[in-house]
Amino acid sequence: MLEFDRIETPQNVELIRPLAGMGTRLFAGLIDQLLFVLVLVFLYIFIALFYATNPIQYMRTMYEVNSLLFSFLILLFFTIYWGYYMFFEFFWNGQSIGKRYMKIRVVKQEGGAVEFSEIAIRNLIRVVDGLMFYLVAGASMFFSERVQRLGDLAAGTVVVSEQEPVSKVSSDESFTAVATNGKAPAALQDYGITPELYRTLKSYCERRNQFEPQARMALLPKLISLLLQQAGEAMDDALVKRLQEPVTKDLYKLHEEILVLILEQIEKEDSASPAGGEETL
Amino acid sequence: MSGLFLKEREPIWKRMESLLGRVDKRGLKSLTEDEIGELAHLYPSLVVDVARARALNLDETRQKYLNNLAIRGHGLLYRRKKVPILYSLYRFFRVDYPRLFRAQSVYLLLSALIFFLGGIGACASVLLSPSNAYYFFPASFDTVDEDLGLSDRDISDRYRGNPGATMSSGIIGNNITVAFNAFALGITAGLGTLLVLLKNGMLIGALAGHFHNYGLSYPFWSFITPHGALEIFAILIAGAAGLRIGHAVVVPGSSTRGRSLYTGAREAVFLVLGTIPLFVVAGIIEGFITPSTIPNALKIVLGVAAFLVPFLYLMSAGRTESDSTKMVRD
């Protein structure tokens with residue numbers, strides 16, 4: 001089960017597409033089912049009442065009119081029963097009411113908007129997915145690669161999440177400020193460190209515990225030599241000496257600590273110096 | 001380097017974002033023709049920006065933002081061409097459906113074989129031992145013996161009291177539900193479809209045997225045929241659609257199972273959707289002609305015709321159509 005899916009664009013660039021998780025889909029499904037069942041139950045009660053209050057003794061003309069209305073209600077019932085999802089997903093480009101509320105959408109597996117055939121397939125097979133209170137769908141979504149229920153597998157569709165990324169707020173701010181995570185580049189310049197290296201170091205330090213020691217020991221010397229190359233002169237001699245020591249099993253964590261220290265120092269100087277500075281990015 | 005990139009491209013992203021935002025909120029119609037052109041023009045360069053951002057190792061938030069923007073644009077731009085619904089319906093029944101019907105005829109034969117095997121088996125069983133009939137009737141089926149009591153009258157007389165329109169619509173809805181279920185159950189490797197076909201075949205067979213045992217064969221068939229011939233034909237087509245999916249699941253051939261299922265379902269779905277008008281006609285017959293007082297012989301002739309006309313149409317239509325069409329419409 002993946003949370004992300006990749007699609008190839010005609011420009012030969014892979015886009016990463018977030019898939020809707022089972023929880024989100026369950027919630028969207030609950031909203032739809034609630035609406036759907038509510039309307040159907042209402043219709044059903046209406047039909048039943050009609051039947052009860054419409055015995056054959058009615059006047060002939062009344063009877064004919066009523067029976068036409070009654071048969072219309074029956075047809076409406078079946079149309080909603082089979083057509084609810086198909087109607088909305090067709091006219092709302094892959095969204096039902098619940099899906100729209102949860103900001104998820106049905107799309108083709110290879111990317112692009114769903115076609116009628118796919119909408120029909122996934123919603124006809126819904127009756128099998130819906131067996132045992134959608135347990136069949138749940139099992140299918142759990143075991144499939146792209147969180148697909150049986151109807152999705154047959155139709156070649158996936159349900160994607162269209163929730164705004166977390167960075168929505170930051171997209172309103174100035175881009176250049178966000179590029180360095182809010183740090184004025186002035187301090188970096190003092191050291192002679194390029195923003196690229198700074199970001200690499202930063203993300204290394206933040207995520208170092210997710211890597212195997214071997215990988216860290218392989219990466220560290222490269223990072224250190226780059227750092228010394230760019231900022232060796234501006235740095236404290238003692239630190240430089242420490243960093244120049246060979247990266248071994250016992251010492252690599254110390255190296256990492258030093259890197260963290262240097263980054264902290266840069267950030268500290270940053271907040272001390274007047275914000276803004278020149279645009280180096 | 002990335003600074004220049006951002007400086008140059010940022011306004012374009014902003015523009016793209018505002019256009020896409022408007023489409024999300026108010027639909028594609030809220031854009032002018034020029035703006036749609038602009039969107040289509042900006043999109044490819046945005047996708048390239050995604051790649052450049054990756055190459056420049058831009059910060060993750062920025063990369064996500066660009067990727068998301070491109071995904072939204074992709075979904076908007078790569079969509080089906082809108083075809084007039086009425087025209088495509090006309091074209092479907094005029095050309096595509098008959099062709100699809102003939103292309104999938106193997107499954108129809110298989111479907112018929114299963115149905116009639118169940119029917120003949122149940123009928124034989126009831127003829128040999130009349131009490132077996134009750135094994136085949138559902139518990140709610142209490143009308144059978146009431147019908148027998150009307151031996152000197154028409155079976156369909158029983159239904160004359162009901163208003164035709166109401167009966168028709170109920171029957172149409174139920175039959176379409178059975179057909180759609182037979183299609184959907186194809187995904188259980190065809191087993192569910194097989195059961196639906198067997199069950200319906202056995203019911204008809206058992207009823208036929210039961211009425212024969214009481215010497216009521218003629219009234220029975222004159223009751224069943226007017227609507228039943230067409231109804232069974234349509235159910236068999238739906239069964240064929242289910243078996244097509246089942247086949248795709250069980251025997252994927254050289255493609256993957258998922259791919260095979262996808263291809264199979266695309267062929268099958270139109271096969272089953274095309275049965276809707278057949279059920280509508282059959283339902284109207286069952287509501288208005290079956291219970292009517294016209295002579296039994298005429299009812300049988302009408303019933304056979306109601307099956308033969310669409311059958312022959314599906315066998316012959318769309319053969320000479322010169323313009324090239326796809327088997328399954330997109």
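Author: Among contacts in chain B between residues at least 6 apart in sequence, 79% join residues at least 24 apart; contact means heavy atoms within 4.5 Å. This is a predicted model: local features need pLDDT of at least 70, side-chain atom pairs count only at pLDDT 80 or more, and totals for chains, interfaces and linings use all residues. Residues are numbered from 1 along each chain as its sequence is written, chains are lettered from A and ligands numbered from 1 in the order in which they are written, and side-chain values use heavy atoms, with hydrogens and water left out.

Reader: ok, how many helices and strands in chain B?
Author: Chain B has 13 helices and zero strands. Those are DSSP runs numbered from the N terminus, helices being H or I with at least four residues and strands E with at least two.

Reader: And what share of chain B is buried?
Author: Of its 330 residues, 52% are buried. Buried is under 20% relative accessible area, exposed is over 50%, and partly exposed is in between, with a 1.4 Å probe and protein chains only.

Reader: Switching to the interface: how many residues of chain A are in contact with chain B?
Author: 58 residues of chain A are in contact with 62 residues of chain B. The buried area is about 5100 Å², and carbon and sulfur atoms give 64% of that. That area is the accessible area (1.4 Å probe) that two parts lose on being put together, summed over both.

Reader: How many salt bridges across it?
Author: Two between chain A and chain B, counting a side-chain nitrogen of Lys or Arg within 4 Å of a carboxyl oxygen of Asp or Glu. A:Glu118 forms a salt bridge with B:Arg266, with the closest N and O atoms 3.1 Å apart.

Reader: Which element of chain A gives the most to that side?
Author: Helix 2 of chain A, with eleven residues.

Reader: Now A:Glu256, buried or exposed?
Author: A:Glu256 counts as buried because its relative accessibility is 1%. A:Glu256 lies in helix 14 (residues 252–272) of chain A.

Reader: What does A:Glu256 touch?
Author: Leaving out residues up to four places away in sequence, A:Glu256 touches A:Tyr204, A:Arg208, A:Arg216 and A:Leu220. A:Tyr204 is itself one of the buried residues in helix 11 of chain A.
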